[in-house]
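Student: Before we discuss this model, could you take me through the terms it is described in, and show how each value is set against its definition?

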Amino acid sequence: MKRTPVLVVGIHAGGVQMLPPTLRERIEAAQVLIGGKRHLAAFPAFTGETIVIAADAGFAVARARQGWEAGESVAVLASGDPLWYGFAATLRKALPPEALEIHPAPASFQLAFAALAEPWHDAALLSAHGRPLAAMLPQALAAPKAAILTDPVQTPAVVARALIAAGMSADAPCAVCENLGADNQRVLRMTLAEAAQQEEFAALNVFVVWNPRPRRPRPPGLPDEAFITLAGQITKREIRLLSLAELALGADEVLWDIGAGSGAIAIEAAISQPTACVYAVERRPEFCACIRQNLVRLDAPNVQVVEGSAPEACRDLPDPDAVFIGGSGGRLAELVGMAQERLRRGGRLVVNLVTLDSLETLRRLAPEAQVALAQIGRGKTIQSSLRLEALNPVFIFTWRKANGQ
């Protein structure tokens, strides 16, 4: 049986009249037409089966796959470039590339920068549309300019307030580009502070922000004295640097710091990778207060404090690329098992241990892991002589998740 690829057509606010006649004819001749209500309304004379793409797109995806497998002609209508935060990206997870024929329209980002007469090769292209702001903020703060898709909940005003709260200047210039490509297209230029106060924007918009002071990576290695802590409970600088090297956090990755204490590991990782998302998980309220003070003092807006006991406190966090366990509260085996399960392929788990019993527990769980013993002596001057003052020895346990695990 010959299968016809699913026809996926991008439409911008200019409407279906912007489509080539041959493409419109193919859409009208399809047996199944899938799209949002606004897109389907553009084909009132269509006589075949229509499927509305709802918040849960699972049914629409399943119907598209069923139609392709059965040899039906299926057409899908989407906004702009369907492969950019669009429905075609969702379809691609369920269908092979040969099952899709995609005709993109200009993406909303392209139309926004064209309306602004602004080059955009150096812009961060981000989305707050149905996505957590926490995943978008680090990238916006690190970019000289960012274009952000919004939605009816996370409006330009909401995004502007979040950017200001994360440390971006309230005087930063921005623009809201509304109804791009339509007759009622409008571009509103203002400051971030003004956008934060204005609630009325068209539902279809792109929010563009120019960041006067984008965040740059800073190498780790702050002195222990840079951190506010209690009772000296902090991962010492030398051990911190070795542990961070094993974690090998990359740009845009996710790190969990479990038993974060003063937040030293989380903060150093975050400032070395400003676009990473770092979660400092700590069950003791007094230490959470220390972390929050350190975040303000050391300027690490891409760290989120999660107050609660792991593993329960990690349940709703995004899957990590790296996990550091500095404190286990007596639940070490449980935490390691959870980290091994949740880590993405190629992810790293690093645990600092001070007792042989704990090390033996982990060796039973992951006998293939790498173990190093760090014995650090710090130079200390006594009169005119130098002696070495030993820090407590620490085992650094590193486990890497293979691609097939």
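Tutor: Buried means under 20% relative accessible area, exposed over 50% and partly exposed in between, with a 1.4 Å probe and protein chains only; helices (H or I, at least four residues) and strands (E, at least two) are DSSP runs numbered from the N terminus. This is a predicted model, in which local features need pLDDT of at least 70 and side-chain atom pairs count only at pLDDT 80 or more, while totals for chains, interfaces and linings use all residues. Residues are numbered from 1 along each chain as its sequence is written, and side-chain values use heavy atoms, without hydrogens and water.

Student: Which residues of helix 12 are called buried?

Tutor: In helix 12 (residues 332–342) they are Leu332, Leu335, Val336, Met338, Ala339, Gln340 and Arg342, so each of them has under 20% relative accessible area.

Student: What do the buried residues of helix 12 pack against?

Tutor: Their partners, by contact (heavy atoms within 4.5 Å), include strand 11 (254–258), strand 14 (322–325) and helix 13 (356–365).

Student: How do you know what confidence the predictor has in the chain?

Tutor: On pLDDT, the predictor's confidence in each residue from 0 to 100, the chain averages 92, and 99% of the residues score at least 70.

Student: What makes up the lining of the largest pocket, by class?

Tutor: Counting Ala, Val, Leu, Ile, Met, Phe, Trp, Tyr, Cys and Pro as nonpolar, Asp, Glu, Lys and Arg as charged, and the others, Gly among them, as polar, the lining has 23 nonpolar, 14 polar and six charged residues. Helix 4 gives the most to this lining, with four residues.
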